[in-house]
Amino acid sequence: MSKRILRVALTGLAVGVVTAAHGASVSVPSYQISSQWFADGQSQVAEKMAQERHDVKAKNVILFVGDGMGISTLTAARILQGQLDGSDGEENLLSFEQFPYSALVKTYNTNQQTPDSAGTMTAMMSGIKNKAGMINISSDGLRGDCASSQGNELYTFLDLMEATGRSTGVVSTARVTHATPAATYAQVPERNWESDDSLTDEAKANGCKDIADQLVSYDLGDGIDVVLGGGRRHFLPAADGGKRADSRDLTQEWLDRYENSDSTALYVETGNELATADLANADKLMGLFTSSHMSYDADRQASGADEPTVGNMAVAAVDVLEKNEEGYFLMVESGRIDHAHHAGNAYNALHDAVAFSDAVQAVVDKVDLDDTLILVTADHSHVFTIAGYPTKGNPILGKVVTNDGAGAPEAAPTGDSDGNAYTTLGYTNGLGYADLGAETDADARYASAPLSGRQDLSGVDTETPGYHQEALVPMGSETHAGEDISLHAIGADSWLVQGNVEQNTLFHIMTRATALTPAE
């Protein structure tokens with residue numbers, strides 16, 4: 001086979017290609033070059049060529065985690081956001097998809113091909129991978145075994161920042177004691193030990209502390225400065241509507257901790273209280289807005305619940321943390337993307353992903369990227385699929401409608417081999433089909449049993465909040481998936497994010513960017 005040497009020259013509206021071995025030349029026609037696709041592609045390459053890499057220390061690091069926000073969720077969410085804004089949707093980009101640097105991330109745990117959030121977030125925060133279900137305990141420990149965890153505790157990037165005088169914050173739309181937020185600060189061999197009522201006799205006998213207790217009694221630096229999210233029940237005694245069996249009110253203990261200090265601490269429980277709080281004079285801020293997880297974003301809007309958005313919480317956290325001239329670390333989790341997927345409800349998963357994208361943009365607009373590194377990622381994916389050859393611009397939550405090949409949509413939804421309509425979005429496993437109409441709480445699906453097999457969708461509006469997609473394998477809850485997820489970066493030392501990396505590499509990116517070198 002002859003070797004060909006190609007020389008490409010841009011001349012006006014034509015690209016001349018000379019092939020040395022054959023002497024043939026090709027001129028790309030003007031209608032090809034004048035295409036908007038062609039121009040956009042050239043612009044994107046030019047932007048990459050113009051990027052400059054500066055080895056600049058990051059004073060601040062903000063880590064955004066979309067729990068369960070796999071690649072298929074990103075794709076569907078960007079299409080939904082575009083369609084909500086009146087476009088076809090496919091060309092749209094979520095805010096962080098426009099960041100200059102990105103990578104793929106391998107998510108497996110040391111004992112599971114498909115991971116859980118405790119192990120994935122431990123990897124991101126500690127720099128090493130571990131077993132599923134354990135938070136910041138090395139794989140030498142055993143899940144649910146307090147004694148085996150002792151001497152195998154792992155320290156986190158938040159620990160390093162606190163120990164060196166920086167401020168720290170944790171924000172989540174899930175319970176702040178849930179696996180992902182807990183992995184920023186806690187060391188526990190069982191992710192479900194959120195309050196003392198869940199501790200085993202063995203754990204109590206060997207001195208293990210529950211996650212909420214560890215948050216409030218956190219003893220590095222001056223304690224975690226901002227905590228915003230759900231999960232109030234794990235901080236309150238049973239007599240006050242909580243779950244604690246030790247009769248302690250940890251919210252009051254948190255306030256008491258700073259009563260005689262130089263810090264001004266604020267505790268809030270509603271979105272309005274957060275919006276009107278005097279953050280200019282606050283050094284410490286805790287907000288626990290719901291008993292358990294916070295509402296799905298669509299449900300919050302439909303019900304009028306007095307809860308802040310993930311964007312409201314992220315911006316408020318930055319308002320408090322940025323006062324520290326030494327810098328800060330903030331973790332912001334959109335936890336309910338994951339929960340909606342577990343319930344088989346694409347509507348809420350995608351709307352929460354769009355709200356998450358808006359939160360990222362709000363923070364990008366607020367901070368100085370010259371000294372702030374912003375990372376946006378997921379912890380794992382879900383068995384969530386996009387299929388069926390729908391025509392461009394077809395409603396992403398709708399039934400598949402193909403086209404005639406020239407772009408004209410068919411007159412009716414496309415059928416399967418039996419002629420039955422089906423949706424673009426679906427799940428490999430899970431609870432399966434349910435038509436709950438206007439119900440905006442995805443968790444309502446758990447009230448009925450899993451349903452397998454094809455359903456007649458001819459009279460069903462699949463774009464409503466309460467529609468739950470069909471699933472191939474019936475299960476009590478849809479599962480995580482094991483494929484790679486994405487990592488997006490902008491700001492100081494963001495060029496460190498490239499290629500395909502192990503999930504624990506995120507810790508090392510953050511320590512490298514902040515010049516924090518862990519030492520024995």
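User: Which residues have the most contacts inside the largest nonpolar core?

Analyst: This is a predicted model, in which local features need pLDDT of at least 70, side-chain atom pairs count only at pLDDT 80 or more, and totals for chains, interfaces and linings use all residues. Residues are numbered from 1 along each chain as its sequence is written, and side-chain values use heavy atoms, with hydrogens and water left out. A nonpolar core is a set of buried Ala, Val, Leu, Ile, Met, Phe, Trp, Tyr and Cys residues joined through side-chain atoms within 4.5 Å, where buried means under 20% relative accessible area, exposed over 50% and partly exposed in between (1.4 Å probe, protein chains only). The largest such core has 116 residues, and those with the most contacts inside it are Tyr-185, Phe-329 and Ile-374.

User: Which helix gives the largest share of this core?

Analyst: Helices (H or I, at least four residues) and strands (E, at least two) are DSSP runs, numbered from the N terminus. The largest share, 10 residues, comes from residues 346-366, which form helix H15.

User: How many of the 21 residues of H15 are buried?

Analyst: Nonpolar side chains tend to be buried together in soluble globular proteins. Helix H15 is mostly covered, and the number of its 21 residues that are buried is 16.

User: In what sense do E13 and E14 pair?

Analyst: Ile-386 stands opposite Leu-425 in E14. Over 3 bridges, E13 and strand E14 (residues 425-430) pair in a sense that is antiparallel.

User: Which residue does the disulfide join to Cys-146?

Analyst: A disulfide is a pair of cysteine sulfur atoms within 2.5 Å, and the structure holds 1. Its S to S distance is 2.1 Å, and the partner of Cys-146 is Cys-208.

User: How many residues apart are Cys-146 and Cys-208?

Analyst: Both Cys-146 and Cys-208 are buried. Cys-146 lies in helix H5 (residues 146-149) and Cys-208 in the loop between helix H8 (201-205) and helix H9 (211-216), so placed that the pair links distant parts of the chain, 62 residues apart.

Methods. Two strands pair if DSSP finds at least two bridges between them.
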